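Please keep the 3D view open while reading.

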Amino acid sequence: MSDSPHLPEACDLLIEAGYVVPIEPHAVVLEDHAVAIRGSEIVAILPRAEARARFRATQVVSRPEAALMPGLVNAHTHNPMTLLRGVADDLPLMTWLQQHIWPVEAAVIGPEFVADGTTLAIAEMLRGGTTCANENYFFGDVQAAVYKKHGFRALVGAVIIDFPTAWAKTDDEYFAKAGELHDQWRTDPLIGTAFAPHAPYTVNDANFERVRMLSDQLDMQVHLHTHETAQEITDSIKLHGQRPLARLDRLGLVNDRLIAVHMTQLTEAEIHLCAERGVSVVHCPESNLKLASGFCPACALQRAGVNLAIGTDGCASNNDLDMFSENRTAAILAKAVADDATALDAATTLRASTLGGARALGFGERIGSIEVGKQADLVCVELSALETQPLHNVLSQLVYATGRQQVSDVWIAGKPKLVQRELVGMDLPGIIANARQWRERIRHIRA
């Protein structure tokens with residue numbers, strides 16, 4: 001509120017942009033607009049001239065040739081695995097996982113590995129316009145602390161898996177640690193918690209039932225890989241007499257808290273079941289392509305009314321955290337899979353990687369679109385570069401032509417995290433040096 005009807009209102013930050021892409025309303029681009037921020041919240045979206053007249057801002061950031069959009073939401077990550085980038089490539093999923101990734105992880109995993117890998121991931125994500133990640137990895141307590149330290153928004157998964165790891169040795173210990181993680185972070189404005197049962201082929205019925213019961217009681221999302229490969233379906237039918245989604249449904253997990261990742265093997269009936277139950281599906285096109293896991297029917301899911309989100313997966317299988325690249329691949333692949341050039345258009349793709357991801361994580365009321373009352377998780381993308389000229393269509397350019405190197409500025413909850421390509425409060429040379437010493441440690445282990 002202003003002190004007088006004739007004086008402008010105070011705000012902390014006014015971001016002026018050539019184009020504001022709010023996501024909601026859908027497919028809208030507001031030219032020559034500004035977003036006013038007070039504390040961590042968006043308080044107004046209005047034409048630049050009106051914003052200058054109405055607000056007295058502590059800071060004004062003017063980006064006349066940039067698009068201002070919500071921060072990207074990476075809806076499926078294993079971010080400590082940035083330190084395993086390139087360790088094992090060009091292999092099918094189970095060979096890659098069982099013969100390469102799991103043995104290396106067993107040798108290196110611990111709080112130090114998780115903290116350092118998460119820090120590297122945060123720096124990479126911020127430089128690529130990602131402001132929120134859905135995390136699925138061990139040592140969730142360490143991850144949460146690192147995300148909080150750097151002011152990065154995350155949903156941190158408490159892993160449940162049927163065999164002992166460095167994180168937990170027994171079923172009871174996995175669940176006890178999940179409870180501790182939830183208790184510690186349940187009121188935090190940046191960090192949320194979810195259950196992360198690894199996959200139907202690594203979690204038994206009793207543990208899935210326990211997850212469902214606790215998810216219902218604590219109102220926690222359930223984040224898992226499922227229907228990732230054709231082999232997974234075949235094995236599930238042999239072992240359980242039904243497909244993985246049918247088994248999850250029998251165990252009460254197919255509901256609006258389920259974040260189902262990959263989903264490359266789906267029948268029409270399964271697509272409609274997901275729509276009816278409010279399941280969110282996370283499409284990870286580049287990881288699925290690289291591992292030859294199959295094709296998620298993203299267009300069919302979206303047109304059926306399923307909430308669609310986009311994720312990179314981990315750096316061991318992608319091998320980057322580039323959500324701009326992921327968006328482009330998702331949009332183009334959807335057209336080939338649907339045999340329809342109109343499938344997953346630019347506006348719909350941007351929605352999936354922002355508001356769709358936010359809703360999947362249970363954060364839809366807080367982030368994912370530029371709306372009054374939401375958190376100021378915002379990204380400026382410079383569109384003046386040669387590679388994005390001429391600028392006929394902003395939404396098209398953001399999906400089909402823009403690279404992550406064009407992200408100039410990032411804010412999370414109104415706080416600057418990237419200013420004209422420079423990370424705020426992060427030691428970039430130190431992070432790179434640390435990654436290199438992990439390379440030497442892992443090389444020695446594998447020798």
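This is a predicted model: local features need pLDDT of at least 70, side-chain atom pairs count only at pLDDT 80 or more; totals for chains, interfaces and linings use all residues.

1. Eight strands make up an open sheet, and their order across it is E3-E2-E1-E4-E13-E14-E15-E16. The pairing in this sheet is mixed. Strand E3, residues 41-47, and strand E16, residues 422-423, are the edge strands; each has a single partner strand, so one side of each has no neighbour in the sheet.

2. Strands E14 and E15. Residues 407-412 form strand E14 and residues 415-419 form strand E15; the two are antiparallel and are paired through three bridges.

3. Strands E1, E2 and E3. Strand E1 covers residues 9-20 and strand E2 covers residues 30-38; they run antiparallel and are joined by seven bridges. Tyr19 has Glu31 of E2 opposite. E2 also pairs with E3, again in the antiparallel sense, over six bridges. In that pairing Ile37 is opposite Ile42 of E3. E2 and E3 form a hairpin, and two residues lie between the strands. Gly39, in the turn, has a positive phi of about 65°.

4. Ile37. Is Ile37 buried or exposed? Ile37 belongs to strand E2. The cut-off for buried is under 20% relative accessible area, and Ile37 is at 0%, so Ile37 counts as buried. Apart from neighbours within four places in sequence, the contacts of Ile37 are Cys11, Asp12, Leu13, Ile15, Val43, Ala376, Leu378 and Gly414. For a sense of distance, Ser317 is 280 residues from Ile37 along the chain, and their C-alpha atoms are separated by 38 Å.

5. Thr82. Where is Thr82 placed? Thr82 sits in the loop between strand E5 (72-77) and helix H2 (93-108). Its relative accessibility is 3%, so Thr82 also counts as buried. Which residues is Thr82 in contact with, leaving aside its neighbours within four places in sequence? They are Gly117, Leu120, Ala121, Glu124, Cys315 and Leu321.

6. The largest cavity. Rolling a probe the size of a water molecule over the atoms shows where empty space remains. The structure has two cavities of 30 Å³ or more. The largest has a volume of about 50 Å³. Its lining is made by Val21, Ile23, Pro25, His26, Ala27, Val28, Ala347, Leu350 and Leu395. Of these lining residues, eight are nonpolar, one is polar and none is charged.

7. The second largest cavity. The volume here is about 40 Å³. Ile42, Pro70, Gly71, Arg366, Ile367, Gly368, Ser369, Ile370, Gln375, Asp377 and Leu378 form the lining of the second largest cavity. This lining divides into five nonpolar, four polar and two charged residues. Two of the lining residues have come up already: Ile42, which stands opposite Ile37, and Leu378, which is in contact with Ile37.

Definitions and conventions
Residues are numbered from 1 along each chain as its sequence is written. Side-chain values use heavy atoms; hydrogens and water are left out. On a 1 Å grid over the protein atoms alone, a cavity is a set of points where a 1.4 Å probe fits but cannot get out, and a pocket is an open set with protein on both sides within 12 Å along at least five of seven lines; lining residues have an atom within 4 Å of a point. Grid points are joined across faces, edges and corners, and a volume is the space filled by probe spheres set on the points. Ala, Val, Leu, Ile, Met, Phe, Trp, Tyr, Cys and Pro count as nonpolar, Asp, Glu, Lys and Arg as charged, and the others, Gly among them, as polar. Two strands pair if DSSP finds at least two bridges between them. Helices (H or I, at least four residues) and strands (E, at least two) are DSSP runs, numbered from the N terminus. Buried means under 20% relative accessible area, exposed over 50%, partly exposed in between (1.4 Å probe, protein chains only). Contact means heavy atoms within 4.5 Å.
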